[in-house]
Amino acid sequence: MGLKEKILTKSLWVFHLSVGSCNNCDIEILDCLTPRFDIERLGMQLIGSVRHADVILVTGALNKKSTPILKNIYAQAPKPCFVVAIGTCPCSRHMFKDSYNTISALDEVMPVDLYIPGCPPKPEAIIAGLAKLIKKVTRK
Amino acid sequence: MIMGISRAIFTYLIFPGIAFSFFMGGIGWWLERKLSARFQYRVGPPWYQTFLDLAKLFIKETTIPTGAVKTLFVISPLISFSATAMFSAIVAQGYFFQKNAVADVIVLLYLLIIPSLFIILGAFSSRNALALVGAARETKLMLAYEFVFIISLIIVIIKSGGSILLSDIIRYQAQNGMHLKSASGFIAITLSIFYIQAKLGIVPFDMAEADQEIMAGTMIEYSGPLLGFFRASKTLLYFSLPLFIITLLGVVPGDTLPAKILFVALEYLIVILIISIIKNINPRARIKDALSFFWFFLSPLGIIGILLALKGM
């Protein structure tokens, strides 16, 4: 475990990106910042621009229109940058599997570091997932 | 001779200079975040969070957008940082060792304008529409808050017998008590606290960096070390700007270093507390509201303050 990873995982700045979600997972992400859960105590912050991001939280089912935008945004993020799929939609396309518009799951488009399934996942699940991400990065 | 030079370097770089201001600024920024968290019944980040954030930014990749004016884009954070470093070294020197306070208030005023100016230039050079919006807002805000701060400087200059030297202002207060106690001094500190709020971009006046509407505005294209330099200069300002206000208005009589450190710590804590209270009871103002607040409310108040100061009150 290097010093770099230790510093990085103690101040993860989170960028929140919806690629066509039903807004439910987005609400659950915002719940993580509320008094009950408060991820700021772990050094995480919700930030506005991808250029500052260390983690990209992707919610929603990818469709033909949003996939190129997602690729573009991932290319703009400074590396090292982790991608987290929040909710069942980006993990496995969920019930939109046979839709004419939903062409792929998230990990067919870009490398995904963590999957948090659920429809929507609870804030506890999101925090547990992020703890697993930190463990994974620092052990590497 | 060599002793003198090495001592000067030590005082400028380490103790009351840049490193000390940086450390105190980091603590102050954390305190402001922690207080906001406690206001909202949250736990808040640990005390070293500001330094960790900075260290992290310096290990990240730097991205330069295509079509940006590269030189200006890269050089803006560096100039901003060096100007604030110079400012904080001079101010801390002046407060802790009075005989070294050589600069006058005008120099410090223009050193303070440089960081905001280069934030604007950096945003303009990054060729991003939202950065342009942020830069335009920052420009308008600068017109508002710098005017108000100049008024409060004029009050201080009138009250300390017409001298613009930092050492004279400190000496005058050490002999005659702090300016803060008089009515015009109180008006000056009110203006100065709103100035700090707007200069550091804390909530009612953070429209230039509004995360939710224009995605970090002026900072939108900056990443990695370049953003780190901007944040480092903000960290320095978090301490040296309140210290500058304290030097101008609230110097406590007494010459020993421990007493000075104690009083500056106390006054700094009070300033941070007031700033975070204002932050937590206000939403983000629109640029028009901020301008009219500074121009049509605080400026007339400041002119009343100048009249009171001329009367000697």
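This is a predicted model: local features need pLDDT of at least 70, side-chain atom pairs count only at pLDDT 80 or more; totals for chains, interfaces and linings use all residues.
Residues are numbered from 1 along each chain as its sequence is written, and chains are lettered from A and ligands numbered from 1 in the order in which they are written.

Strand S3 of chain A spans residues 55–59; helices (H or I, at least four residues) and strands (E, at least two) are DSSP runs, numbered from the N terminus. Five of the five residues of S3(A) are buried, meaning that 20 or more other C-beta atoms, placed from the backbone, lie within 10 Å of a residue's own. A:Val55, A:Leu57 and A:Thr59 point one way from the strand, and A:Ile56 and A:Val58 point the other way.

S3(A) runs parallel to S1(A), residues 13–18, and five bridges join the two; strands pair if DSSP finds at least two bridges between them. Here A:Val58 is the bridge partner of A:Leu17. Five bridges also join S3(A) to the parallel strand S4(A), residues 82–86. From S3(A) the chain crosses through helix H3(A), residues 66–76, to S4(A) in a right-handed β-α-β crossover (with the strands pointing away from the viewer, the path from the first strand over the helix to the second runs clockwise).

In chain B, the buried residues of helix H7 (166–176) are B:Leu166, B:Ile169 and B:Gln173. They lie on the same side of H7(B), because they cover an arc of only 65° around the axis, taken from the directions from the helix axis to the C-beta atoms. Just after H7(B), B:Gly177 takes a positive phi of about 85°.

Methods
A residue is buried if 20 or more other C-beta atoms lie within 10 Å of its own, exposed if 12 or fewer, and partly exposed in between; C-beta atoms are placed from the backbone.
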